[in-house]
Amino acid sequence: MTSNTQPEGKNKKKRKPLVSRKDFLQIAGATGAATVVTQLFTSGPLSPDAIEGIGERTHSATGESKHNWCMGIDLKKCIGCQYCVWACQATNDVPDDNMRWNIGLPERTENGTDFFMTRPCLHCQEAPCVKVCPVGATWKRKDGIVTMDYKRCIGCRYCEVACPYDVRRFNWKPSTAENPYHPTWGSPEVERRTRGVVEKCTFCSHRIDRGLAQGLTPGVDREATPACVNICPVNARIFGDHNNPESPITKFVTENETFRLREDFGTEPRVHYVRPEKEEI
Amino acid sequence: MARIFDLSIPKEGRQRAWWIWIGILGVMLVVGLIGMIRVFVLGLQVTGLSDQVPWGLWITQDLSSIATGAGAFTFSAIVYLLRIKKYQPIARAAVFVGFLGYSSAMLALALDIGRPDRFWHPIVYWNVHSVLWEVTMCVILYSIVLVLEFLPIIFENEYFSRWPKLKTFSQKLHKASPVFAGIGLALSLLHQSSLGATYGVLSGRAIWYKPSLPVMFILSAVAGGISMTLLLTIVVGKLNNRQIITKQLQYDISRITGFTLLAYLYLKIWDWAATSYYSHSPGTTEALALLQSTTPYTQTFWWIEIILGGIVPAIILLNDRFRKNDRYTLLALGLIIVGVTVNRWNVTLSGLIAPPRWSPGVLGHVISASYLPTWNEIIVSIGIIAYALLAFSFGVKYLPIFPKGEEVSH
C-alpha cells in the first residue's frame, strides 16, 4: 500500500452515528442542487428550447412530409457558364470564391468528351454529415433538405470530414468583404454566417418555405425556386417535388437515364444527373 | 551503465537542474500561450487547415494524448477490478498521467473548434447518432472521474491538513476508488475505441471505413498508455537516484506491454492483409496509390508504425535479457509512444489527403489535398506539451504520486 491517508488523532473523537445530521444535510443539499441543475438544463433557462429557441424539437425530422425536393442536372446541356455558381454566391451571400456552395469545374470523361461538372449539396437521404454532427446542428428536414442551425454549430468540422462530396465550407475567417456578385447576379436573401461555423447549400430553402406559404410551386414558380436553377440559360438544372408525378423533376427522372454521384457510398443523394455523353453499352 | 543513460543528478546540482528544466518548460508554455491567444483572436485562419483537410496536427495531438493517457484505466482495471494488488504502486502515477493526457486533449480541442464559446453544446444538444457526441460525453465524464480519483492524492499534501474536513472527504473519495475505476473502465472502453470509430464509420471514405479501426485504437491506446506511465516512472526514478517500483514489477509491466503490442500488431497486420493485400477494393487501392505517390504514408506505416513502433519494442519487452536492461526498456517504451502518435497522424490524414472521387469525369482522379501545419499550430502544440510536462514535474515534486522507493547505490 502506498497511500498513507490515515490522519492522526481522528480516532480519538467520539463515535459518530451512521448518518449524522451533517451527512443528511449534505446529501439533501447535493440532491437539491442536482435537481436544480437538471431542471435548469431540461426545462429551465438553459434548456435546448429556451436557448435561442432552437430546441431539439424544432430539429426532429420524424414523420413524413408531403414534399421531397430533388434537383436534376443535365450534364449534356451544361455549357459551363458559371452563372449558377455566381447566382448562388449572390443569393446566399458567399463573397469568398473559396467558399462556394455550388461549384462548377471543367472535366473530361474517360472517352475524352469534355464537359462541365457542377454540384450543389446533394441533400443525401442518408447524409453522413447529419449522422456525425455531435450537436445536431446539421439536420434533415422532413422534406429531405439537409440544412444547418448556424447558432448551434460548434465548428468541429466533423461534417467536412464525413462528407464524401466536398460540399461543406468552414468560415476560417470573418466574412466582411463586399459581395462582388451583388447586384449583378442577385441580392443576398439570407444572413451571412459568423466566423467559426460550417455552412452549406440549402436548396434555397428560404425561397421554398416562403413560396409554399404564398401558394407557389417550387420548381415551377421562379420566386420559390433555387437561384441556381432560375439563372441557368440552357435549363440544365431542374427542380421540384419528387412526390408529385407532374413536377419537372419527376418528369426529368422518368424521361432521362439518370444517375447519382457515388451511389456505392449508400448516401442516397437527391440530385439526379444525366451523363455528359451517351453511355456505350 | 553508460554515462549517457545514467540520469541521476548529484544532490548539489539538483536544484539548479530543476530550475533550468522548469525555465525551459516555462518559455515553451509562454510561447504556446501567445499562439493560443492568436488562435482565439484571429480564428482558425492561422492554421494550415482547409475545407479538404479540416483536421490536422491538433487532432493528432488530441488522439495521441488520450491514447497515452490510457494507462489510467488500464491500471485501474488491473488493480481494482482484477484485484491484482501488486500493480498498486504505479496506479497513482497512471491516474495522474491520464489526467494530464485528457486535460491536454481538451485544451487542444477547445482551440480546434471554431466556436470555443459553444464548447458546452454537446452536453445540452444531444445527437446520439454521432460517434463524436459519444466521445465528447465520455471524455467529459471520464475527466471528472480522473479528477475524483486524483483529488485524494492532492489532499494528502501537508498543506491541506489545516482543513480536517477535506481529509475526511478525501478519505471517502479514496474508499470509493473501486467504484470510480469501474465507471472509468466503462467510459474508457467506450471512447478509446469510439475515437477509432470516428473514422471507421465514415462510409464515404474507403480507406477509413472498416470495423477494425475501433479495436486497433483501443489496443494501441492500452500499449501507449502503459508505456507513457512506465517511461515516466523509470525516468523520475533515475533522476532521483531511486528505484521507485521494484525491478520485478517493472519487468511484469514491460511484459504486459509487450503482449498488448503483439495483439495490436496481429490485428494491424491482418487489417492490412485483408484490406490491401488479399482483396481489391477500388476506393482503398485508389487512396493508397494516391498516398504513396504524394506522401511518405507507406514508409511511415511500415517503418515507424509496424517495425520501430511495434516489432522492435515487442522483441525488447518480451525478451528476458533486453527487458532487464533499463536502456532498452526506455527505448522500447519511447518507440511505442512515437509509433502510436505517428499512427494517429497517419489515420487522421490518410482519409483526408486522398479524398474519394465523386465526379464522373477523370480530372478529379488526380486531385489530392495537402496539409502542412503552420508555425502557429506548432507553437500551440508545444505549449500544450509544456503544460503537461510542467504539471507533471510539479506534481511529482509536491505530491505523493510515486512511492518513495529505495535509494539506489552504485
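## Basis of the description

Two residues are in contact if their C-beta atoms, placed from the backbone, lie within 7 Å. Axes are lines fitted to C-alpha atoms, for helices over the stretch in contact, and angles run from 0 to 180 degrees between N-to-C directions. Helices (H or I, at least four residues) and strands (E, at least two) are DSSP runs numbered from the N terminus.

The model is predicted: local features need pLDDT of at least 70, side-chain atom pairs count only at pLDDT 80 or more, and totals for chains, interfaces and linings use all residues. Residues are numbered from 1 along each chain as its sequence is written, while chains are lettered from A and ligands numbered from 1 in the order in which they are written.

## The sheet of chain A

Helix α8 (residues 248-255) of chain A lies across β1 (69-74), β8, β9 and β10 of chain A, and runs at about 115° to β8(A). The open sheet consists of 4 strands in the order β8-β1-β10-β9 (chain A), with mixed pairing; two strands pair if DSSP finds at least two bridges between them. Because β8 (237-241) and β9 (258-259) of chain A each have a single partner strand, they stand at the edges, and one side of each has no neighbour in the sheet.

β9(A) runs antiparallel to strand β10 (residues 271-274) of chain A, and 2 bridges join them. Opposite T258(A) stands V274(A) in β10(A).

## Helix α3 of chain A

Helix α3 (residues 83-91) of chain A is largely enclosed by the rest of the structure, because 8 of its 9 residues are buried. A residue is buried if 20 or more other C-beta atoms lie within 10 Å of its own, exposed if 12 or fewer, and partly exposed in between, with C-beta atoms placed from the backbone. The buried residues of α3(A) include C84(A), W86(A), C88(A) and A90(A).

The cover over the buried residues of α3(A) includes β2, β3, α7 (227-231) and β8 of chain A. After α3(A) comes D93(A), whose phi is positive, near 55°.

## Domains of chain A

Chain A is assigned domain 1 (20-53) and domain 2 (62-274), the bounds coming from an automatic or database domain assignment. Between the C-alpha centres of domain 1 of chain A and domain 2 of chain A the distance is 43 Å.

## Contact between the chains

Chain A contributes 51 residues to the contact and chain B contributes 47 residues. On the side of chain A that touches chain B, the elements giving two or more residues are β2 (103-108), β3 (114-119), α4 (128-132), α5 (158-162) and β6 (169-170) of chain A. α5(A) gives the most, with 4 residues.

That side of chain A comprises 26 nonpolar, 10 polar and 15 charged residues. Here Ala, Val, Leu, Ile, Met, Phe, Trp, Tyr, Cys and Pro count as nonpolar, Asp, Glu, Lys and Arg as charged, and the others, Gly among them, as polar.

## Chain B

Chain B contains 15 helices and 2 strands. Its C-alpha trace spans about 70 × 50 × 40 Å along the principal axes, and 47% of the 410 residues of chain B count as buried. Of the contacts in chain B with a separation of 6 or more, 79% involve residues 24 or more positions apart.

V342(B) is located in helix α14 (residues 326-353) of chain B. V342(B) counts as partly exposed because it has 19 C-beta neighbours inside 10 Å. Leaving aside residues up to four places away in sequence, V342(B) touches T300(B), I304(B), E305(B) and G309(B).
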